Amino acid sequence: MLRTGAIAALAAAVLLLAACSGDESPGDEAAAVSIRTLATSTALPTPVATATAAATTTPVPPTAIATATATPVPPTPSPSTSPVAAPATAQPPSPTPVAPTADGPSVELSPATVKQGDVFVVRLRNAPVEPTPVVLFSGLSHVMLLENELWWAVIGVAADFPPGQQRVQVSTGTGADGLPIVTVTVTDAAFPEENVELSPETSQLLTDAPAIEDERQLLDSLYAGLSRKRDWAGPFVMPAAGALGDTFGMKRSFNGGPFSNHTGVDILAAEGAPVVAANVGRVVYTGALQLRGNTVVIDHGAGVFTGYHHLSQISVVEGQAVSQGETIGAVGATGLVTAAHLHWELIVRGVRVDPLPWTQAEIGP
Ligand SMILES: [Zn+2]
């Protein structure tokens, strides 16, 4: 937890970052003025990838698949012909069935309804390998990736993304590709709120505005990268052993300031406990950041990164390939923290999302 003794004006300016480093220890939790419990358990994600959900006659929206072919369709689930219901437990998804079997290109969202802080996968089937299509979502253009003759992209929905329906358009840039516009429904994740009173002593870290801005720009720059080859396979693993502290997206107010969403999950572990790579990837940053402390960032390809923060030790170097479960450092209390813990972030094409669904099922094409 941040001990920002934050001066009001500065606090407002840095609050997002402050929340990012965010950082709870058991002792700090006791200092919370109040916690409106919309039970953290409700903040836990439903497995995104149960989208194999060959929907039965009673489709379940959160795991449903929206498909569209020649004409736009509303984001209602499209029942498939398969009678098999999706398993309740997370399984690596097999290729998602598509109900329409038209020969032309078809666009598919999985799931078609997504909570704030979760992700959805866009797939384009029966499309040529050129030109490279893009996904247009919320004013941004995302290059699709080709894997096993399937165009796909995983798109993150920010914790503060406004609930409601949003257009998702796939375009090949020709202007006449005839692809339908589909709709994703973003639902309110009802993140719990927490008011935190912070000690003034660590506020000194927050007074260095240039260092804070450097941190923001450095991470933004890293996360703007897009390695087109997906490196990860299967579900991610938790990068440290320990109970969860603050979950992703919690709306936290420090010293009565404005609320901002927690940008990762906190894993409560002792100083020196091993931190491992959550999945296969390549180390793209190691170093000390103003708020997040000693940091390792891993690029997993396809626009997906993980960040490991407040470390006491870093045992990898930039450029190093890492395997899942490989030790990359140790839990620490560097940066804006009051006690050792791991602040773990997962970033999808520049958007911080809840890492936990990624540990429950494979998310991919
Ligand atoms: Zn945190």
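Tutor: Two strands pair if DSSP finds at least two bridges between them. Strands themselves are DSSP runs (E, at least two residues), numbered from the N terminus. This is a predicted model: local features need pLDDT of at least 70, side-chain atom pairs count only at pLDDT 80 or more, and totals for chains, interfaces and linings use all residues. Residues are numbered from 1 along each chain as its sequence is written.

Student: How do β10 and β11 pair?

Tutor: Strands of a sheet pair through backbone hydrogen bonds, either parallel or antiparallel. β10 (residues 164-171) and β11 (residues 181-187) are antiparallel, with six bridges. Q169 has I181 in β11 as its bridge partner.

Student: What is the strand order of the open sheet of five strands?

Tutor: The order is β4-β11-β10-β6-β7, with mixed pairing. β4 (113-115) and β7 (140-143) are the edge strands, and each pairs on one side only.

Student: Which strands pair with β24?

Tutor: β16 (residues 265-268) joins β24 antiparallel through three bridges. There, I267 has L342 as its partner. β20 (residues 304-311) is also antiparallel to β24, over six bridges. F305 stands opposite I347. β25 (residues 351-353) joins β24 antiparallel by three bridges, and V348 is partnered by V351.

Student: What lies between β24 and β25 in their hairpin?

Tutor: Two residues. R349 takes a positive phi near 50°.

Student: Is β24 (residues 342-348) mostly covered or uncovered?

Tutor: A residue is buried if 20 or more other C-beta atoms, placed from the backbone, lie within 10 Å of its own. In β24, seven of seven residues are buried. L342, W344, L346 and V348 point one way. H343, E345 and I347 point the other way.

Key: Buried ≥ 20, exposed ≤ 12 C-beta atoms within 10 Å, placed from the backbone. Helix = DSSP H or I, 4+ residues; strand = E, 2+ residues; numbered from the N terminus.
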